[in-house]
Amino acid sequence: MAGDYIIDIQHLSKSFGGVKVLDDINFYVRRGEFITLLGPSGCGKTTLLRQIAGFINPDEGRILLEGKDISSIPPYERPLNTVFQRYALFPHLDVFDNIAFGLKLQKLPAKEIEVRVKKMLKMVSMTDYEDRSVDSLSGGQQQRVAIARALVNYPKVLLLDEPLAALDLKMRKDMQLELKEIHRKMGITFIYVTHDQEEALTLSDTIVVMNEGKIQQIGSPIDIYNEPVNCFVADFIGESNILKGRMLRDRRVAFIKHEFDCVDEGFGEDVPVDVVVRPEDIYFTTDPAKCQFKAKVNSCIFKGVHYEMWVDTDTGYELMIQDYDPYAVGTEVMLYIDPDDIQVMHKERTRNVLDAEVVDGNHVRILGAEWECEVPADASAGDILKAEIPFDKIELLDHQEDGKLAGEVHFLLYMGNHYHLTILTDDGDHLWVDTNDIWDKGDLVGIDIAPGGIKLRKADD
Amino acid sequence: MKKVFAQAYLYLLLAMLYAPLVFIAVFSFTESRVLGNWTGFSPKLYVNLFTGGMNGGSSLLAAVENTLLIALVSAAFATLLGTIAAIGIHNLKGRKRAGMQFLNNIPMINPDIITGVSLFLLFVFLHITQGYLTVILAHITFCTPYVVLSVLPKLSQMNPNIYEAALDLGARPSQALRKVLLPELRPGMVSGFLLAFTMSLDDFAVTFFTRGTIGLDTLSTYIYTDARKGGLTPELRPLMTIIFLIVLVLLVVFNLRQNRAAKSKAN
């Protein structure tokens, strides 16, 4: 029912200088919910929060607060308050006046202001700090004041922009618990922005995972962790083994050149898929009847609670396993995976598909460069066809100037025996590449296509 | 040995810097008309200065009055304009911002004489009668960049979110400006005002070209005219001594206050 949604965001888009920062964002927030916008830096989460706060106007779409469109209302008239990343306290005011700032603007009686500020100070465990200058407070204390300053106005929704990012680890953990407690006590809806997946899993009722201006997945922390919908989410949340697979039929999937039972249905028969197996879900066994595949331990590192091991399977794949018991490097081990623990995902794409303009009998223009390939006899110069290029037919070169195109490594996934890279070309196009070479995110690369790597088909196929 | 030379060098330098000031101060306590003639100690020049018992005494006092008035008014306007300009420049991005800062710097490097002549030509062109108004306009013109220069760093030191935080807490833009932005910028505005005030006090070239022919004199133009008429009026010596002392006291007070503020912040 729509009445339950305190915030409803519909088709929100925003561009800065021609770059789409937010692309058709849709989601709702239930009253009293703790919802987290999670994603890597530059994914648009802060822009989204700032639009809800009213500091940025959307290009398209609307934001409903309790069913009322607030998209064009200025920030000072929205019944929302924000906790900023670097606190943004007013340095010339003491703690009391910082917290009382909003109440004084509302022209409340001095008596009531004092009562409410003191109550808030107690809530954030800062009683007796009223007269202190904010410069004399530690980071954690400043953050408490910032939270009190926002909450004292009893906003309908509290917006938090990476509020704990500037604190050290121990303090961050403590503040997470306190935030959760404050949320429970006040019953106010929280919209929280962070790039820290652990923080998101700890705090939230609902997580919205974002990447490149788009929502990837919305769900409870458990859903997001156990059933990621794509490789990005699987890789971003927690540790994972992401592998190429093939759905053989319902409840039967093949990967790392072995067949496994799983619980997924409805993919069809013999369909390429991606498979995610969490490292804590691969079990060691000594029972040959249970063993699904064998492997050899290749490294073993103590991580505090568990050991992290990399194993080489008998079919040449590398997997990460986490277990409470260590196995010595070089040990032959027998392994199995429960059907429940195999997450099968639709493949987002199986090859690169790009527009190709026919130049002559054996040349086409793709992404602004000319390439040699077999052109169908019935195509003439100027025709636009679709070019299909397999992931492994794109070659990456160390120097940008050596390739026909130049770009940078934008995102990379280890798939057990090779890397799957997303390359962002200098013109802003995406290419996907499978390679055995090791690259890092941000590496500048030259791009070439292997001879015979381009297959052309009609554009309307 | 090395140390002795280093010290001697330092004192020599200091002597060169302060000798003229000391010279004026010492000779303000003697009655001689000609500077450099010691005719015995006497406070008479000071008495003359304050009772007006001297040649052209009233015009000297009028010049002092003009100087202070012009400096106050133009520094106040320059502070207002410069602060607004600084906020505007700060909110620009990338090359536009760098460009505006560059344009702001040029008038400061530009020789005064050129500023003065160009303003003179501009006023003539616009048919503005030259007098108080034109001198003040001219002073505002060359003082404003200094205010911009002292307010800009305050803006970049400021947490960029505090203006938004004020809006977020319900302040209208004008309230956010008054209650949050201005208190943050105040130190920069005060030093900008003082800078503008001294620049205006100090100015000769621009005033000379824009004061017109109504006989408006500031201290610097008065002294210039006076010196050309045949020797400095001896009463200028105590006046300069007093001005120097006032500036000295102000500087010491200002520095002490700044030190104390820095200390209290560090604690």
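Student: How many residues of chain B are in contact with chain A?
Tutor: This is a predicted model, in which local features need pLDDT of at least 70 and side-chain atom pairs count only at pLDDT 80 or more, while totals for chains, interfaces and linings use all residues. Residues are numbered from 1 along each chain as its sequence is written, while chains are lettered from A and ligands numbered from 1 in the order in which they are written. Two residues are in contact if their C-beta atoms, placed from the backbone, lie within 7 Å. By that test, the 18 residues on the side of chain A meet a chain B side of 16 residues.

Student: Which helix gives the most to the side of chain B that touches chain A?
Tutor: Helices are DSSP runs (H or I, at least four residues; strands are E, at least two), numbered from the N terminus. Helix 7 (161-168) and helix 8 (173-202) of chain B each supply at least two residues to that side. With six residues, the one that gives the most is helix 7 of chain B.

Student: How many residues are charged on the side of chain B that touches chain A?
Tutor: Ala, Val, Leu, Ile, Met, Phe, Trp, Tyr, Cys and Pro count as nonpolar, Asp, Glu, Lys and Arg as charged, and the others, Gly among them, as polar. Seven residues on this side are nonpolar and four are polar. The charged ones number five.

Student: Are helix 7 and helix 8 of chain B parallel or oblique to each other?
Tutor: Their axes are 9 Å apart and the angle is about 125°, with axes fitted as lines to C-alpha atoms over the stretch in contact and angles running from 0 to 180 degrees between N-to-C directions. Angles under 35 degrees count as roughly parallel, over 145 as roughly antiparallel, 65 to 115 as roughly perpendicular and the rest as oblique. Helix 7 of chain B and helix 8 of chain B are therefore oblique.

Student: In which hand does helix 7 of chain B pass helix 8 of chain B?
Tutor: A crossing is left-handed if the near helix is turned anticlockwise from the far one by less than a right angle, and right-handed if clockwise. Residues that meet here include Ile162(B) and Tyr163(B) in helix 7 and Pro173(B) and Val180(B) in helix 8. This crossing is right-handed.

Student: Is the crossing of helix 4 and helix 6 of chain B left-handed or right-handed?
Tutor: Helix 4 (residues 94-109) and helix 6 (residues 132-157) of chain B pack at about 130°, with axes 9 Å apart. That angle makes helix 4 of chain B oblique to helix 6 of chain B. Among the residues that meet are Asn104(B) in helix 4 and Phe142(B) in helix 6. The crossing is left-handed.

Student: How far apart are the end C-alpha atoms of helix 5 of chain A?
Tutor: The expected span of a helix is 1.5 Å times one less than its number of residues. The 18 residues of helix 5 (residues 169-186) of chain A should therefore span 26 Å. The model agrees, with its end C-alpha atoms apart by 26 Å.

Student: How far apart are the C-alpha centres of domain 1 and domain 3 of chain A?
Tutor: Domain bounds come from an automatic or database domain assignment. For chain A it gives domain 1 (5-226), domain 2 (238-346) and domain 3 (352-458). The C-alpha centres of domain 1 and domain 3 of chain A are separated by 42 Å.
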